[in-house]
Amino acid sequence: MSTSESKRVAAEKPRGFIDRLGDAAAAEQRVVAAVGAVYERWGFEQLETSAIEFTEALGKFLPDLDRPNEGVFSFQDDERWLSLRYDLTAPLARFAAEEWNGLAKPFRRWQTGPVWRNEKPGPGRFRQFTQCDADTVGSDNPAADAEMVAMASEALEAVGVPRDGYAFKINSRRILNGVLESIGAKDDRARLTVMRAIDKLDRVGIEGVAALLGKGRKDESGDFTPGADLDAAGVKTVVDFVTLETTSRASVIEGLERLLGASEEGRAGLKELRGIDAVLNGLKVSDAQARFDPSVVRGLEYYTGAVFEAELTMTVVEDGRPVRFGSVGGGGRYDDLIARFTGERVPATGFSIGVSRLVAAQARLGLGEAFAQTPPVIVLALDAARMGDYFAIASELRAAGIRAETYLGSSGMKAQLKYADKRNAPIAVIQGGNELEKGVVTLKDLRLGAKIAANLGEDREAYARMREQVQQEVPRGEVVAAVQRMLAAKL
RNA sequence: GCCGCCUUAGCUCAGUUGGUUAGAGCGCCGGAUUGUGGAUCCGGAGGUCCCUGGUUCGAGCCCUGGAGGCGGUACCA
């Protein structure tokens, strides 16, 4: 009985999710390993938590009946709502609150793993992606914030980003709050609208921001976005803040000093930035690596103090156009998050690296090549009765630390070489009847062959000569040494 | 969520005012080549023309509704 056409299951995956094969999969692990090693070195302890949490623990209201999956993947279990975590910070808050009594405080942990968001996917935006976070819970010292920035910059360099290829932008929500206070934007809706407007500086420019602060703005598609409805003086105040010269941390502090006036909240934010600056100077983090930038907002509502954003400033030209990578991580201080569980205010700060994004950038910038895996040497299987011999050869190569596999299909030699070619194998190990008689194996240098063949035309004779040239017979006992030599040879 | 464009082979696409059996290039499989990757030549496999309902003697093409993709915008804990 055969499966009818209509009963076949479609081989497809849900939108917003991706498969990764080979180096694409391994690259993420290697980035996590490199970043995690930096966090470990700074004394952070690794934490693992479950992928699923109670929905209310994630700080999300119960999904309403019409749209139970708005933003987050949720389902009901024994009457209670469960959700896939959408970041690593909310699970940390839950863990810290749950284990509070037994933890050494301040509690410093790092964590990695996939997170899920049920949102419209786009290019470079998926519904599952990996984050790598570090957080300090139980310290309100600005030094903890400075440490996050310095450590994250070390992490970026650990994955190959050069020192002049990234920049951290730092601000404090308290400064923003001070500004909002001084222009009389009291209610939360107006404050949020102003912050969203500032957040769009990159995309819509200063004129766009000014429009969004005032009456609103019509974009190219004809869509109208209502503004925050500030008066002219209010717009000017905000614009002055977000356009402050950011070349040095000291000059920003100076500028803020001038613009902030008497706002108590703003003063507190400024004090915070001073504390961060002092520690960054001690850690020798330069103005170019970490700037104070009053236009940095970060969307997340839970931030209460310092906010950070890591941006890759390197560009690569693709299809004749420069491609910018933008933000590869962010974080900040969230002093109220843990209070949801304990009722007690616990100061905390953290930083999150978007691993998937960083890997994508790494690949396109060519930074990941040092991490790339060498493809395996392929041992051809020319005689089904001698599989044991072929596996013995591959095993010897593996024992010498060389990636090696034995061909397991049933095809002829030509197809096996095509297989090796497709796998990007550097070498094919051949032992058929001819070699067996002589007690040798043939090593074929596929990389060299590919290089030579690329310059050949239709000349079949030259091709045959090339074939002879790129392969050599070696005694069976010297296979490992000869493979090592061939792999080491420069092309 | 809103606005615009798009959907034909694994991929990129062609397809006449609506007319037999829907095509090309690339890729894939095989042969020319007794045991050798590329190139060349020959052959082969591969299709729910996104789905649905309709108009028509007849729909890949026209009409209704829907889904999916791309771009912009909004949201983003």
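1. Strands here are DSSP runs of E with at least two residues, helices are runs of H or I with at least four, and both are numbered from the N terminus. Please keep in mind that this is a predicted model, in which local features need pLDDT of at least 70 and side-chain atom pairs count only at pLDDT 80 or more, while totals for chains, interfaces and linings use all residues. Residues are numbered from 1 along each chain as its sequence is written, with chains lettered from A and ligands numbered from 1 in the order in which they are written.

2. Staying with these strands, β3 (residues 74–77) runs antiparallel to β4 and is joined to it by 4 bridges; pairing requires that DSSP find at least two bridges between two strands. Phe75 has Leu82 of β4 as its bridge partner. Strand β4 (residues 80–84) also pairs with β2 (residues 52–54), again in the antiparallel sense, over 3 bridges. There, Leu82 stands opposite Phe54.

3. Phe308 deserves a look of its own. Beyond its neighbours within four places in sequence, Phe308 is in contact (C-beta atoms, placed from the backbone, within 7 Å) with Met148, Val149, Phe168, Ile170, Gly330, Gly331, Gly332 and Phe351.

4. Leu212 sits in helix α6 (residues 201–213). Leu212 counts as buried because it has 25 C-beta neighbours inside 10 Å; the cut-offs are 20 or more for buried, 12 or fewer for exposed, and partly exposed in between. Its C-alpha atom is 6.3 Å from that of Ala228, 16 residues apart along the chain. Not counting residues up to four places away in sequence, Leu212 touches Ala197, Lys200, Arg217, Thr225, Gly227 and Ala228.

5. The axes of α1 (residues 23–41) and α11 (residues 355–365) come within 10 Å and cross at roughly 110 degrees, so α1 is roughly perpendicular to α11. Roughly perpendicular covers 65 to 115 degrees, whereas angles under 35 count as roughly parallel, over 145 as roughly antiparallel and the rest as oblique.

Terms used. Contact = placed C-beta atoms within 7 Å. Axes fitted to C-alpha atoms, helices over the stretch in contact; angles between N-to-C directions.
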